[in-house]
2 protein chains.
Amino acid sequence: MLSKLEERAVSLGAKQAVLETYSFQAKGFYEKNGYELRMTLDNCPETEQLHYMTKVLGQSS
Amino acid sequence: MLSKLEERAVSLGAKQAVLETYSFQAKGFYEKNGYELRMTLDNCPETEQLHYMTKVLGQSS
């Protein structure tokens with residue numbers, strides 16, 4: 001489903017994808033799919049982190 | 001106006017602020033007001049950059 005979303009974004013002219021995921025969510029999944037961790041906000045909230053990840057689109061993965 | 005917004009956020013329990021500003025917008029203004037540049041997305045779009053900035057709230061500035 002993620003790759004379908006990326007294909008659709010590219011078809012609309014997107015060059016890169018940006019997403020936010022919490023530390024209790026799916027960071028590892030996105031890393032496996034080519035997303036790079038760019039920024040982490042600590043204490044967001046309390047002991048959790050909010051991760052910002054990006055991926056250049058339109059290249060073979 | 002920015003400081004009023006921050007005061008209001010703190011009164012609601014916020015611990016930090018996150019904002020996005022484009023390279024043709026007000027990055028310098030936010031830096032003067034205590035925001036730290038955390039991440040920059042290039043080619044967003046074309047020759048512009050999108051900057052992500054954060055500030056820890058509730059401390060004397």
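In what order do the three strands of the open sheet in chain B stand? The order is S1-S3-S2, and the pairing is antiparallel. Before we walk through the rest, a word on the ground rules.

This is a predicted model, in which local features need pLDDT of at least 70 and side-chain atom pairs count only at pLDDT 80 or more, while totals for chains, interfaces and linings use all residues. Residues are numbered from 1 along each chain as its sequence is written, chains are lettered from A and ligands numbered from 1 in the order in which they are written, and side-chain values use heavy atoms, with hydrogens and water left out.

## The fold of one chain

Let us start with chain A. Its secondary structure comes to two helices and three strands. (Helices, H or I with at least four residues, and strands, E with at least two, are DSSP runs numbered from the N terminus.) If you read along the sequence, the pattern of chain A is α-β-α-β-β. Taken along the principal axes, the C-alpha atoms of chain A fill a box of roughly 40 × 15 × 15 Å.

The strands of chain A form an open sheet of three strands in the order S1-S3-S2, with antiparallel pairing. Two strands pair if DSSP finds at least two bridges between them. S1 (16-22) and S2 of chain A are the edge strands, each pairing on one side only. From one strand to the next, the twist averages 20°; the axes behind such angles are lines fitted to C-alpha atoms (for helices over the stretch in contact), and angles run from 0 to 180 degrees between N-to-C directions. S1(A) and S3(A) run antiparallel and are joined by seven bridges. To find one of these places in the model, look for Tyr22(A), whose bridge partner in S3(A) is Leu50(A).

Now back to the sheet of chain B. Its edge strands are S1 (16-22) and S2 (36-41), each pairing on one side only. S1(B) pairs with strand S3 (residues 50-56) of chain B in the antiparallel sense over seven bridges. Here Val18(B) stands opposite Thr54(B) in S3(B).

## A salt bridge and some backbone details

Over all chains, the structure holds four salt bridges. (A salt bridge is a side-chain nitrogen of Lys or Arg within 4 Å of a carboxyl oxygen of Asp or Glu.) One of them links Lys55(A) with Glu6(A), the closest N and O atoms being 3.1 Å apart. This pair links distant parts of the chain: Lys55(A) sits in strand S3 (residues 50-56) of chain A and Glu6(A) in helix H1 (residues 2-11) of chain A, 49 residues apart.

Most residues other than glycine have a negative phi, and most peptide bonds are trans. The loop between S2 and S3 of chain A holds Asn43(A), which has a positive phi of about 55° although it is not a glycine. Pro45(A) lies in the loop between strand S2 (36-41) and S3 of chain A, and Pro45(B) lies in the loop between S2 and S3 of chain B.

| Cis peptide bond | Omega |
|---|---|
| Cys44(A) and Pro45(A) | about -10° |
| Cys44(B) and Pro45(B) | about -10° |

## How the two chains meet

In all, 11 residues of chain B are in contact with 11 residues of chain A, where contact means heavy atoms within 4.5 Å. The copies meet through the same surface, because 100% of the interface residues of chain B are also interface residues in chain A.

The size of an interface is often given as the accessible area lost when the parts come together. Between chain B and chain A, the buried area is about 930 Å², of which carbon and sulfur atoms give 56%. (Buried area is the accessible area, with a 1.4 Å probe, that two parts lose on being put together, summed over both.)

Between chain B and chain A there are zero salt bridges, but four residue pairs are in polar contact, both residues being at pLDDT 80 or more. (A polar contact is a pair of N or O atoms within 3.5 Å; within protein, one must be able to donate a hydrogen and the other to accept it, and residues adjacent in sequence count only if both atoms are side-chain atoms.) S1, S2 and S3 of chain B each supply at least two residues of the side that touches chain A. The largest share of that side, four residues, comes from S2(B).
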